[in-house]
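Student: I would like to learn how to read a structural model step by step. Could we take one feature at a time, with the general idea before the particular case?

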Amino acid sequence: MEWISHGVTGVLVGNAILPPDERPRRAPVWWVAATLAPDWLGFMVHSLGEAHRGVMHSLYALPLLAGIFAFAARRFSGRPQVKLVRLWIAFAAVIATHSVLDLLTCYRYNPA
Ligand SMILES: [Zn+2]
């Protein structure tokens with residue numbers, strides 16, 4: 001799937017889940033970074049020998065990535081009052097769109 005498709009879908013899903021007063025500042029940047037994380041982290045790990053669409057695209061990595069993004073967004077986006085679990089849910093949904101869209105490709109993506 002093209003990165004622009006992942007990015008637009010991530011922004012739409014993230015904005016649909018959280019109301020404006022609970023979104024991290026510069027929310028679209030956070031949503032795009034999160035939804036593209038399986039690919040850009042996968043490429044970084046790929047240089048260490050992992051095949052593309054490996055563990056970073058797995059359902060095991062999703063909760064961990066969502067937690068990292070939720071914690072970072074809460075810490076660095078100036079919204080410490082937002083509950084961490086709500087941010088985690090939003091980021092988990094945004095990251096999950098990546099795997100769903102990859103399932104629609106013709107590259108025979110098989111989630112781990
Ligand atoms: Zn991917």
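This is a predicted model: local features need pLDDT of at least 70, side-chain atom pairs count only at pLDDT 80 or more; totals for chains, interfaces and linings use all residues.

Student: How many helices and strands does the protein have?

Tutor: The protein has 4 helices and 0 strands, and from the N terminus on the order of its elements is α-α-α-α. Of its 112 residues, 28% are buried, and among contacts with a separation of 6 or more, 66% join residues 24 or more positions apart.

Student: What does alanine 66 touch, leaving out residues up to four places away in sequence?

Tutor: Once those neighbours are left out, alanine 66 touches Trp88, Phe91, Ala92 and Ile95.

Student: Where do the buried residues of H3 lie, seen down its axis?

Tutor: One compares the directions in which the buried side chains leave the axis. In H3 the buried residues are Leu62, Leu65, Ala66, Phe69, Ala70 and Ala73. They fall within an arc of 135° when seen down the axis of H3, so they line one face of the helix. The face turned away from that buried side carries the exposed residues Leu64, Arg75 and Phe76.

Student: How is the span of a helix to be checked, and what does H4 give?

Tutor: One sets the distance between the end C-alpha atoms against the span expected at 1.5 Å a residue. Helix H4 (residues 84-103) has 20 residues and reaches 29 Å from its first C-alpha to its last, close to the expected 28 Å. For H3, the 16 residues should span 22 Å, and the end C-alpha atoms are 22 Å apart, which agrees. As for burial in H4, the buried residues are Leu87, Ala90, Phe91, Ala93, Val94, Ile95, Thr97 and His98.

Student: Which residue other than glycine has a positive phi, and is it buried or exposed?

Tutor: Arginine 26 has a positive value, near 55°, and is found in the loop between helix H1 (3-17) and H2. Arginine 26 is exposed because 12 other C-beta atoms lie within 10 Å, and a residue counts as exposed at 12 or fewer. A positive phi, near 75°, also belongs to glycine 78, which follows H3.

Notes. Residues are numbered from 1 along each chain as its sequence is written. Helices (H or I, at least four residues) and strands (E, at least two) are DSSP runs, numbered from the N terminus. A residue is buried if 20 or more other C-beta atoms lie within 10 Å of its own, exposed if 12 or fewer, and partly exposed in between; C-beta atoms are placed from the backbone. Two residues are in contact if their C-beta atoms, placed from the backbone, lie within 7 Å. The expected span of a helix is 1.5 Å times one less than its number of residues. The arc is that of the directions from the helix axis to the C-beta atoms.
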